[in-house]
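This briefing looks at charged side chains that pair up, and at one helix with its cover. Keep the sequence and the model open while reading.

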Amino acid sequence: MTERRGAPGNGGPQGASRADDAQALATAVPRERRLLMTRGPSDSGPQGAAALRSSMDATTAPHRIPPQMPQYGEANHIFELMQAMWLAKHLSTNLLSVESLIAKEYSPLAADARMHYQKFKMVPTMLLIRLMQERLKEEDCIRRILFSYGLSQSIEQSSLCYTGWILDGIPETREQALTIQTLGISPRHVIVLSAPDTVLIERNLGKRIDPQTGEIYHTTFDWPPESEIQNRLMVPAGIFEGETARKLLEYHRNIVRILPSYPKILKVISADQPCVDVFYQALTYVQTSHRSNAPFTPRVLLCGPVGSGKSLQAALLAQKYGLINVCCGQLLKEAVADKSKYGDLIQPFFEKEIAVPDNIIMKVLKQRLDQQDCVERGWVLHGFPRDLDQAHLMDNLGYKPNRVFFLNVPFDSVIERLSLRRTDPVTGERYHLMYKPPPTMEVQARLLQNPKDSEEQIKLKMDLFYRNSAELEQFYGDAITLNGDQDPYTVFEYIESGIINRLPKKVP
């Protein structure tokens, strides 16, 4: 096995050339990136340490490394973070790991995690996920890269909007992977850096530490030429074949259950080659975009006055295309019925029959749209937003529909549709005096009308919608306006055509 030279920062001609290539490639990567790395036993320590030393400015020598550094490096996997550090540097983004998450100051969650880690040497899954959510909500992490790094070192990459964030060491189990997906963190690229177990064991067992300087060496890849240094090198604590094999076994047991969570976006890169080559191949894959069977994942917004048929059209889209039918009003009712934390906030407004505040509505809506089925299959939303402020609120949180339809229906048609609706208090059956009349006079005699279906209430709601609709149509510049006063299946065909085909270019 040859020594790995030419790591980023290497001074050799070839190393510099490849490093320059990697730098050029990094700057060419689109600014929409998210990477994820799962970590197992280290396989990059000696090469990473050598690369780190070679990248140090010689004018600053001698480098004084604290004697505690070797133990800290071993305990916290410092050197196996090298590839993630290089990517974070080249992509100008934040590198997050389990260690950095629990070290966060002024966070009660991080304090709990530190206490648990000190006692059990691990952080519970749900606590770790909550820590990750807390960190990713901060301004410097919005639209950044998620990176995961493993023994076979899996790299997962996807895009949010601009740069993304790099998260190292998560997920370590399938449970964590599924929980992350449920939160809407969904990579677009997954790279597995793979090396044979014998190579990984050899790399680990060959580590040596200079107790005076804290420098990391390797018996095969990076042996010091000075005999004085050779004589004082020591084997790091905890480095022996049985422990390394145990960690490998645990890693393989977990990784085979994690990778099926990312089918169709997986690429395997051999890690048994110079670091810069691995880095170069990873960046090359990161800048590629996957082909899809669909032109996009539909995020459909249906707008229209009460009685325009939004609920029916949403149900038809959900039935035919598998989109998630998201009715804002229904979500609020379900939150109250489930007695959730948001339901307790909504209940008083329902009892007083007043509007629920926008910020509460948005929290309930965000909770639903972030679920994995909405992220993967797309959604059709109706009942929100109703005005420009709500539209801005939704847009600022990143929920941007890629198809918007306005269903226009005349006042007389809406009155006909709604004011003639009736409910049988005995059976709960719903009727319409024109389109679905009751079967007998006895049933008709006991039918009741919902107060919300009175002509006065309908007129108030329609006036409110059309008062705000002009601003909404202007906000959603690519919105498609349809005549909703026709057969519902004809309306559905127009909506279907608007989703499948490209948006028409508007003449300025």
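A salt bridge is a side-chain nitrogen of Lys or Arg within 4 Å of a carboxyl oxygen of Asp or Glu. By that rule, the structure holds twelve salt bridges. This is a predicted model, in which local features need pLDDT of at least 70 and side-chain atom pairs count only at pLDDT 80 or more, while totals for chains, interfaces and linings use all residues. Residues are numbered from 1 along each chain as its sequence is written, and side-chain values use heavy atoms, with hydrogens and water left out.

- Side chains of opposite charge can pair when their charged atoms come close.
- Arginine 232 and glutamate 228 form a salt bridge, with their closest N and O atoms 3.7 Å apart.
- Both residues belong to helix α10 (residues 227-232) and sit four residues apart, about one turn of the helix; helices (H or I, at least four residues) and strands (E, at least two) are DSSP runs, numbered from the N terminus.
- An α-helix has 3.6 residues a turn, so residues three or four places apart point the same way.
- Arginine 232 counts as buried at 19% relative accessibility, where buried means under 20% relative accessible area, exposed over 50%, and partly exposed in between (1.4 Å probe, protein chains only).
- Glutamate 228 is exposed, at 58% relative accessible area.

**A salt bridge between two helices**

- Glutamate 496 and lysine 320 meet through their side chains in a salt bridge of 2.5 Å, N to O.
- Glutamate 496 is in helix α22 (residues 488-500) and lysine 320 is in helix α13 (residues 310-321), so this pair ties together parts that are 176 residues apart in sequence.
- Glutamate 496 is buried, with 13% relative accessible area, whereas lysine 320 is exposed at 52%.

**A salt bridge between a helix and a loop**

- The side chains of arginine 446 and aspartate 424 form a salt bridge of 2.8 Å, N to O.
- Arginine 446 lies in helix α20 (residues 441-446) and aspartate 424 in the loop between β13 (421-423) and β14 (430-432), so the pair links parts that are 22 residues apart in sequence.
- Arginine 446 is partly exposed, with a relative accessible area of 26%, and aspartate 424 is buried, at 2%.

**Helix α19 and its cover**

- In helix α19 (residues 411-418), the buried residues are Ser413, Val414, Ile415 and Leu418.
- The cover over these buried residues includes β13 and α21 (455-475).

Notes: Contact = heavy atoms within 4.5 Å.
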